[in-house]
Amino acid sequence: MDQSRIRNFSIIAHIDHGKSTLADRILELTNAVSKREMREQVLDSMDLERERGITIKAQAVRVSWKGHELNLIDTPGHVDFTYEVSRSLQACEGALLVVDAAQGTEAQTLANAYLAIENELEIVPVVNKIDLPQADPDGAAREVAELIGESPDRVLRISAKTGEGVADVLDAVIERVPPPAGEPAAPARALIFDSSYDQYRGVVAFVRVVDGVFRPRERLRTMALGTRFEAQEIGFMSPAMRPVDELTAGEVGYVITGLKDVSELRVGDTLTTESNGAVEPLPGYKDVKPMVFAGLFPTESDDYPELRDALEKLKLNDAALFYEPETSQALGFGFRSGFLGLLHMEIVRERLEREFDLDLLVTAPNVAYRVKERNGEWREVHSPADMPDEFEEAEEPYVKASIIVPKEYVGPVMELNNERRGRFDHMEYLSPERVHLTYELPLAEIVLDYYDQLKSRTRGYASFDYDYIGFRPGTLVRVDVLVAGESVDALSLIVHREFAYDRGRALVERLRKEIPRQMFDVPIQAAIGSRVIARETVKARRKDVLAKCYGGDITRKRKLLENQKKGKKRMKQVGAVEVPQEAFLAVLNIGQEGRK
Amino acid sequence: MSGVAHLYVHLPFCAHRCGYCDFVTVTGRSEEHGSYVDALLRELELESGLLSEQLETIFLGGGTPTFTEPGALERLLAALPPADEVTVEANPETVTPELAELLSRNRVNRVSLGAQTFNTTLLDVLERRAGPGDVSGAFYRLRDAGFDNINLDLIYGIPGQSAADLERDLDEALKLAPEHLSCYELEAKPGTRFTHTHGVELERQAEAMEDYFERVVDRLTGAGYRWYETANFCRSGSSVDGRDLRAQHNLAYWEGRDYLGLGIGAFSTIAGRRWRNTPRLPAYTAALASGEAPARELERLDEETRMREHLMLGLRLDEPLPLAEVEPALDLDALERLSGLGLVRRDGGTLALSPRGRFLGGRVTVELLA
């Protein structure tokens, strides 16, 4: 196809502002999908995505409109996948920036708009949901126009739900988005912007051809990772897979690689041909590293093999998921798993529970730390238990948090950020009513319950997004929890020294309430090294007898004791102390943590 | 095989069902007392082959055995085989001089009085019918009739009972100097009316009442009583001429001996089989009226189960348990651990709980079970 007739674009929007609905209407309008075939949100293939209203895996669909070939590249809508979003955007020349007519711009709108601007995309602003009774299309249009420096007249007003204005959107894509500008005759280069795993065909790469031509049966290689394979099939999605004989400069499509492991193919890497290949890779490749870590343990230890198999299967489709075996004296066998962020963690957890029917205990998440050991070497630490007792210095990851709130909540938001070691960066009024705040925050302060706190202190009005800005030095300490003098590995935590006392205190109090009384006093301590910072005692029981036992009671009482014996076998032994698994659950489970 | 030497007879009738009670009881229906006793005597006849010639103990429990219509009660007592110890449970308000005399002339030699508490407010909470003075009145009437082996049942941990209330109850009980005292913590059993009404309050008081058991034991042992079973105390030594005043019938349960139970809801354990009679009065009397045994629920006790029961019951007693009798049922690591904590004493070939171990006897047993 002649590049001048190709348009590659994405839709970017805050969650629930109607991105997927607009995508559906576009497919319908261009007859890519008949009304009958139309399932809502065709592009989101996983149930979970449809349910949560978010898109996890980006995909690309080719449609025809007025003699042009339009490639709609879907993007994930959340910060955890910023890198994936940026790669998807790099595959485009333009983006539809969709804003809810009732909500206006939100934190993700900003984050994504900035990403689009960084990638030098032509932005087509769209105000959606103009059919809603509470819609304020003019207000939303003014906000979004200001954001990208456009005239409000150029903002399209549509209802993706009713279809009103959707044809104008496609016309605007053709008019405003520039055609691709690659070199059709140069050595072949394609950007890998996504990949997925197909049970029958192996790893499928989604690519944007920048220069040259790709053909089936050619030997290909990735330039950063150096993975080599033969293209078994190439084609495009419409939205079903359509094989073709070639993908040329400017086109978007897929390559069936025959690879067995998604980790052999990295998003952002450049694909080229083995012979006569390109010399320079495309810019922007990054090795994405997990930033948030948590222990995943089956609640029934018998389920460990199932959990391992399930993680293996998830990993096939999720190159960003990291896991390694972890053994906890309190929780048994499990996995220390790394995630791009909190949402990624939640998605993995839900998929494990839902698709694999596993009952999981997910420990409170922690971030990745960098620690300089006594010997001067830096090392990355993924779990508090790995933190050395003594170290020279430590660093923790920081993010730039972007928060948009109605102006009356600026105070509470600032207060929250101050409590969380935030450093004020910037504040601006998006409109007379709405304020955009940015803060630099340690990621560790966000992973626990920041989002819940933010929502509750702003009555749900705040929108929030964040972006990694790198590691910075932190005054960090490891707080250990000792039950009857024995350190409980799963309960150790790494915190800023300033918060060590409060967190230790809270943990110890919580644990005192959860550990049943034993036949002896059980001290529970929080300690930094050998210094105890908080202490509670579970007092010994003074009596535990069956009041009476005569001829008629014997069977019943015996069964009672036998049942208690069975219950005892389900306890986790910490030294001489028996702790019910539920106690750890209550203290560690992030679900609980979020609710408190 | 030598015959069973211990006989239990259940007399379910009560004037009123107390809120905390979960025994098999029947209120009213005084016209049925006679036919019930007929049924009991038929069951005795059917099972008499199991009994030994000379019984060691008979225990009439309830219900309120002394609420049974006197003619029927006397007919029953007169028909029972002779035994060394014959105990009847009685509620204080039922003990008239006539009743005391009736019991005495029918070879009853031990009476167990369900006093529960001397505090009238707490008696109301328990829904007991006795009034002030009823307990001591009943006690002295029994003494007058010649009873020299009387037990008082006391309950502690009653909703609203302060530590001072408990001490008062113990004072009152000790003033009477009964041969035997049974002191139970109130059990709020799930599903009873009582738990429904007082469960929340009991939970709230649990911590405050935690040391009541210790108070009871301290007080009674201080007054010279032998704490011979978790909840049972008896006078001992020279003051009672060396008589063994332990409840011999109950001792048979705790030592794992066989017993035959008659009446509705009654349990029997004989030669590795335990059965329970139907708790339904009409079904029981109808079956026996036609000369058949009542419907029974049967449980087979294998060697292992019997040994576990032996451990569970034996550890309730103050006398050391021969290790050989229970060793296969023991978790030896737990034994080691509990010895270390000073809860269990292993001495020669025996096993015994320390005083603190006895306060935690239930939990200790759970730990010790293999």
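Which residue in E4(A) is the bridge partner of Ser10(A)? Some notes on that and the rest.

1. Keep in mind that this is a predicted model: local features need pLDDT of at least 70, side-chain atom pairs count only at pLDDT 80 or more, and totals for chains, interfaces and linings use all residues. Residues are numbered from 1 along each chain as its sequence is written, while chains are lettered from A and ligands numbered from 1 in the order in which they are written.

2. The partner of Ser10(A) is Ala95(A). Strands E1 (6-13) and E4 (94-100) of chain A run parallel and are joined by five bridges. (Strands are DSSP E runs of at least two residues and helices H or I runs of at least four, numbered from the N terminus; two strands pair if DSSP finds at least two bridges between them.)

3. Both strands sit in an open, mixed sheet of six, ordered E2-E3-E1-E4-E5-E6 in chain A. E2 (60-65) and E6 (156-157) of chain A are its edge strands, each pairing on one side only.

4. Helix H5 (137-148) of chain A lies across E4, E5 and E6 of chain A, at about 165 degrees to E5(A). (Axes are lines fitted to C-alpha atoms, for helices over the stretch in contact, with angles from 0 to 180 degrees between N-to-C directions; contact means C-beta atoms, placed from the backbone, within 7 Å.)

5. As for the two chains, their contact takes 23 residues from chain A and 33 from chain B. H15(B) gives the most to chain B's side, with five residues.
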